[in-house]
Amino acid sequence: MAVPPPPPGFQIVTQPTGPRPAIAGPPRLPTPQTPAQAAYDEQQAKNAQLEGDLKRLQIAEAQRNATEDADKRAKVQDQRELAKGHMLRIISNLDRSAVDANDNGGWGETGTSGWLMRKVGPAGTAGYDLKRNLDLPGAITAIDNLMEMRRNSPTGGAMGNVSDKDMQLMKDLLGIIDPDQSHGTFMLNMAEAKREVMKNLAKIDPKAVAQYMRSNPRGVWMGRDGGWKIGTYRNDPAPSSDVDAILKKYGM
């Protein structure tokens, strides 16, 4: 649509479009801080720095404690495995030696005949082999090492609920085993020592006892009548009631 011309003496003025330009005034100066406000801000900055330092120290301490705890747990676990190995070796040696000694009623291995063969017989005879394979000095040394391990830990470490009295009893029972004794006495002492070692192994790791029993080794057992017998647990159940309780707990 055409725009009509303006009247005489007038002209059409085109208005500019877009936002009006801002009129800049003089720059505003920051409000000066009072001495009290400046001191407050400075203290706040110091507090923030202290809190940051404290948090970093707490994190570092937590990491250090976690590392120390992990090291302690690893050390106890290593000691536990060592103790289990010693005790399982003792039990196994007692079982094997008892079965070996009993296969011919102890002739040439226990009692007078065994003593005589060890005194005048050549090395390699059954009596000689029995004493060497039983390795009582090694078993007693192992118990001494476990006692030392326990003494070096304020809480008993890997030995847990196995007391010094328990370990001394194990050592004493192993110490009275002598293949020169009569066959019956020798076998009874073997059974009593084995029972005591198994009881204490169960205090460290009851599953280790159950696993040993599950392997169903032929060995010597304390009978419920206070005597001894050779057999396997499954075929001739005769261990003491405390071992029975362990096996029942683990479904044996």
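This is a predicted model: local features need pLDDT of at least 70, side-chain atom pairs count only at pLDDT 80 or more; totals for chains, interfaces and linings use all residues.
Local features require pLDDT of at least 70 and side-chain atom pairs pLDDT 80 or more, whereas totals for chains, interfaces and linings use all residues. Residues are numbered from 1 along each chain as its sequence is written, and side-chain values use heavy atoms, with hydrogens and water left out.

**Overall fold**
- The protein contains eight helices and two strands, taken as DSSP runs numbered from the N terminus (helices H or I, at least four residues; strands E, at least two).
- Along the sequence, these elements follow the pattern α-α-α-α-α-α-α-β-β-α.
- Of the 252 residues, 33% count as buried (under 20% relative accessible area, with exposed over 50% and partly exposed in between; 1.4 Å probe, protein chains only).
- The accessible surface is about 16,300 Å², with 56% belonging to carbon and sulfur atoms (Shrake-Rupley method, 1.4 Å probe; for residues, only the protein chains shown count as cover).
- Among contacts (heavy atoms within 4.5 Å) between residues at least 6 apart in sequence, 60% join residues at least 24 apart.

**Helix α2**
- In α2 (residues 111–120), Gly111, Ser113, Gly114 and Arg118 are buried.
- These residues cover an arc of only 145° around the axis, which puts them on the same side of α2; the arc is that of the directions from the helix axis to the C-beta atoms.
- The buried residues of α2 pack against α3 (126–134), while the face turned away from the buried side carries the exposed residues Thr112, Lys119 and Val120.
- Trp115, Leu116 and Val120 form a nonpolar surface patch with about 310 Å² of accessible area together; patch residues have over 30% relative accessible area and no salt bridge, with like charges joined within 9 Å and nonpolar side chains (Val, Leu, Ile, Met, Phe, Trp, Tyr) within 5 Å.
- Leu116 lies in α2 and is partly exposed at 42% relative accessibility.

**Salt bridges**
- The count comes to 11 salt bridges (a side-chain nitrogen of Lys or Arg within 4 Å of a carboxyl oxygen of Asp or Glu).
- Lys203 and Asp166 meet in a salt bridge at 2.9 Å, N to O.
- Lys203 lies in α6 (residues 183–204) and Asp166 in α5 (residues 164–175), so the pair ties together parts that are 37 residues apart in sequence.
- Asp166 is buried at 15% relative accessible area, whereas Lys203 is partly exposed at 38%.
- Lys84 pairs with Glu81, with their closest N and O atoms 3.3 Å apart; both lie in α1 (residues 35–102), three residues apart.
- Lys84 is buried at 13% relative accessible area, and Glu81 is partly exposed at 40%.
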